[in-house]
Amino acid sequence: MNSNGDSDSGGDWEPEVTEDFSGTIHVVWYSNEGWDFDIFWSSNSGSGWSELQLVNVNGDIDIGQDREPHIIADSTGTLHAVWRLDEPLVGTEWDYDIVWA
């Protein structure tokens, strides 16, 4: 499922899995390249894993640590992901926030 796992230099941690009402499996986890940690997602509907996608949309430019992702599928099949972010969202203070996508 982590299609760049054989070529990236970072680690992958804390995968979480959910299944939607159609039987598709969804996985989120966090990964790092150096100091920056980001949240990734992939799914499998029975024909193999999708290409991994960055969940935290500012992940290619942020400097913070996105960690500890959780994912659920609601009764309509909509996916909801939450995770912990350690980055100054307002001002210059680094603090922990919970974000959702």
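Figure 1. At 34% relative accessibility, W13 counts as partly exposed. The view is taken from a predicted model. F37, with a relative accessible area of 9%, is buried. The rings of W13 and F37 form a tilted aromatic pair, with 5.7 Å from centre to centre and 40° between the planes. W13 belongs to strand β1 and F37 to strand β3, so the pair ties together parts that are 24 residues apart in sequence. Together with Y30, these two residues form one aromatic cluster. In total, the structure holds four aromatic pairs.

**Figure 2. The largest nonpolar core.** This core has 11 residues. Its members are V28, Y30, F37, I39, W41, V55, I71, A81, W83, L85 and V99. Strands β2 (25-33), β3 (36-44) and β6 (79-86) each supply at least two residues of the core. Nonpolar side chains tend to be buried together in soluble globular proteins. F37 is a member of the core and also belongs to the aromatic cluster with W13 and Y30.

**Figure 3. Surroundings of V99.** V99 is one of the residues of the largest nonpolar core. Leaving aside its neighbours within four places in sequence, V99 is in contact with A81, V82, W83 and L85. A81, W83 and L85 are likewise listed in the core. Strand β6 covers residues 79-86.

**Figure 4. A nonpolar patch on the surface.** W35, I63 and W94 form this patch. Together the three residues have about 370 Å² of accessible area. I63 is found in the loop between β4 (53-54) and β5 (65-73).

Figure 5. Most residues other than glycine have a negative phi. E14 has a positive phi, near 50°. This residue, E14, is found in strand β1 (residues 12-19). At 40% relative accessibility, E14 counts as partly exposed. For E68, phi is also positive, near 55°. E68 is found in strand β5. Its relative accessible area is 32%, so E68 is partly exposed.

**Figure 6. G77 and E19.** G77 is found in the loop between β5 and β6. The C-alpha atoms of G77 and E19 are separated by 9.1 Å. Along the chain, G77 and E19 are 58 residues apart.

**Figure 7. The whole chain, for orientation.** The secondary structure comes to zero helices and seven strands. Read along the sequence, the pattern is β-β-β-β-β-β-β. The chain has 101 residues, of which 38% count as buried. Among contacts with a separation of 6 or more, 32% join residues 24 or more positions apart.

Technical notes. Residues are numbered from 1 along each chain as its sequence is written. This is a predicted model: local features need pLDDT of at least 70, side-chain atom pairs count only at pLDDT 80 or more; totals for chains, interfaces and linings use all residues. Side-chain values use heavy atoms; hydrogens and water are left out. Patches are made of residues with over 30% relative accessible area and no salt bridge: like charges are joined within 9 Å, nonpolar side chains (Val, Leu, Ile, Met, Phe, Trp, Tyr) within 5 Å. Accessible areas come from the Shrake-Rupley method with a 1.4 Å probe; for residues, only the protein chains shown count as cover. A salt bridge is a side-chain nitrogen of Lys or Arg within 4 Å of a carboxyl oxygen of Asp or Glu. Helices (H or I, at least four residues) and strands (E, at least two) are DSSP runs, numbered from the N terminus. Buried means under 20% relative accessible area, exposed over 50%, partly exposed in between (1.4 Å probe, protein chains only). A nonpolar core is a set of buried Ala, Val, Leu, Ile, Met, Phe, Trp, Tyr and Cys residues joined through side-chain atoms within 4.5 Å. Contact means heavy atoms within 4.5 Å. Rings of Phe, Tyr and Trp (its six-membered ring) pair if their centres lie within 6.5 Å; planes under 30 degrees apart count as stacked, over 60 as edge-to-face and the rest as tilted.
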